[in-house]
Amino acid sequence: MEWLSAENVVAVATACIGIAASIAMVWYERHIPRRKRIGYRVQMDNPIGDDVQSGRPNVRLGSFDAPNMANGTLVLLRIENDGSESIGLDDYTSRELNGLTVEFTDRTIHGVSVTQPQGTDHLMSHFTPHSGFGYDDDGNKLRLPRVPLNRGEYFKLLVLLSGGDVGRDIKLVGGIRDGVVRPNRGALPDDKPPLFSRAARVITIMLTVSVVTLASIVLARDDNPQPPLGCEQGKLTITGSTAFALVARDLAEQYEKDCDGSDITVEARGSTAGVGELAALKDESAKTRASMIAFSDGRNKSAGAALQAEPVALSVFTLVANKGLDLPEGLTLRQVRRIYTGEIGYWDEVAPSLPHWRIVLVSRDADSGTRQVFQDRVLDGQWEGVPSTSLDCDLRNGTSAPVRCELDSTEDVLKKVAATQGAIGYSEIEQAIDEKNVNRLALGGDTASLDAIEGDGSPYPYRGVEYAYTYGASPAGSLAGSFLDYIRNNGQNVIRSHGHLPCSTTAGERLCKDG
């Protein structure tokens, strides 16, 4: 089963461990009395005197002269508050005057000295017989008073004993309300308590190992990712808009990479030509009609009722001029319309500061959707009034002004404008940005900017919706339908990378609807 992959198992296991660990920690906090805790540890248990038997551990021979001190030993015991809350006088549960008792198995107490760290002198006032501090003659139990301890505070007991060997059991006996008294297994004697508890460290390590394992599996399997849902096999031809051709090629390559067995060919011939090619499939089989998509800049007027259009992206276009034309403020819509209807033939008629050059209109052919959007949105529905006067915009061919030629692609328009004195044309914005030898012109004071249109509500007029045309609704299970679904769900980054706004986004849906 596909869902039973290694990364899925690790991901589910990681989530389960996290949930279980959280539940366990909550239960532990509520049911285990660990908030108040007194810990103790033996820091020294050494033999003393000249009668020490050879071979004992920690043998330390020395001079010690005292009566009844056979098998003498010195014990250093550290007692501390290593819990998470302070301990007060009333927290001790003993019924006796004292709070805790130290028991030395098989040994007799002869003396005791209490020490405390700097800054805790207040502890010493509690070590008095009236507070229960003391021991019985020939006894092995040391009674400790009810000593209030803030979190992390401790004191030490240096006890002189006889009659027993080193290493015999030493126990601290007593009780703490909502807490526990137990041997200290924490830090070294004078170290601060660790920032995280042992349980927290173990859980953190387990989760870290699980996440690292999951990441390693994902990276190791990245060369063979699972295909997106809805992949289809077969052949598909994409035709139509040259302005959208780069986007279509990148989307096709990404789909082919993610979906094995698909073969997508991009043949950009212009919006109207592509839509016409799709419409010509009317007498073909349903399978053949479903094997082509035509992209069009704007709604194509030649599309018949049999074709179905789906908005894909909002495209922004711009006027471009030869580098020799200095038009920092761009052109007004009225100036553009006068130029393209032939009312103005020379650039110094637009502005006296411009050279006396003939205006050269480098246009797209009648199959171009970019040209159709320009006519509808900028020229206000007027057809360009200047007929073609040159096949290649060569200024030597004729003396009339303005000169106009028509080319097959946006790329050809940009190259011709860059190379021709006095030339002006139009292009999709990203392709114009890539051509360094042309100036992009503002229209009516607004620059061509997708960000300004999307974020600031710019009224910039030269923009249009890119439509994907299919012959009727794409059949279920067809490569065309799968590819369009892929664009909606997986193609947004590719579309944006080319300077277009996906219609499947919230802002894109609104702007694509407005056109």
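Some ground rules come before the tour. Because the model is predicted, local features need pLDDT of at least 70 and side-chain atom pairs count only at pLDDT 80 or more, while totals for chains, interfaces and linings use all residues. Residues are numbered from 1 along each chain as its sequence is written, and side-chain values use heavy atoms, with hydrogens and water left out.

Let's begin on the inside. A nonpolar core is a set of buried Ala, Val, Leu, Ile, Met, Phe, Trp, Tyr and Cys residues joined through side-chain atoms within 4.5 Å. Buried means under 20% relative accessible area, exposed means over 50%, and partly exposed is in between (1.4 Å probe, protein chains only). The largest nonpolar core here has 46 residues, and those with the most contacts inside it are V336, I339, Y340, W347, F374 and Y462. Strand 13 (residues 307-322) gives this core its largest share, 6 residues. As for the numbering of such elements, helices (H or I, at least four residues) and strands (E, at least two) are DSSP runs counted from the N terminus.

Pick out V336 and see what surrounds it. Contact means heavy atoms within 4.5 Å. If you set aside the neighbours within four places in sequence, V336 touches L319, L331, F374, V378, L379 and L443, in that sense of contact. Another core lies apart from this one; it has 27 residues, including I38, L100, F104 and F127.

Now back to strand 13. How many of its 16 residues are buried? The count is 12, so strand 13 is mostly covered under the cut-off of under 20% relative accessible area. Strand 13 also has several partners. Strands of a sheet pair through backbone hydrogen bonds, either parallel or antiparallel. For the count used here, two strands pair if DSSP finds at least two bridges between them. With strand 18 (residues 463-471), strand 13 pairs in the antiparallel sense over 9 bridges, and P311 has Y467 as its bridge partner there. Strand 16 (residues 423-428) is joined to strand 13 by 5 bridges, and the two run antiparallel; here A321 stands opposite I424. Strand 17 (residues 438-441) also pairs with strand 13 in the antiparallel sense, over 4 bridges, with V438 as the bridge partner of N322.

P47 has T73 in strand 2 as its bridge partner.

Two loops are worth a stop. D106 sits in the loop between strand 3 (100-104) and strand 4, and its phi is near 60 degrees, a positive value in a residue other than glycine. D106 counts as partly exposed because its relative accessibility is 47%. D178 is in the loop between strand 8 (170-174) and strand 9, with phi near 55 degrees, again a positive value in a residue other than glycine. Is D178 buried or exposed? It counts as exposed because its relative accessibility is 59%.

On a 1 Å grid over the protein atoms alone, a cavity is a set of points where a 1.4 Å probe fits but cannot get out, and a pocket is an open set with protein on both sides within 12 Å along at least five of seven lines; lining residues have an atom within 4 Å of a point. Grid points are joined across faces, edges and corners, and a volume is the space filled by probe spheres set on the points. The whole structure has 1 cavity of 30 Å³ or more, and the largest cavity has a volume of about 40 Å³. Among its lining residues are I238, A248, V266 and F295.
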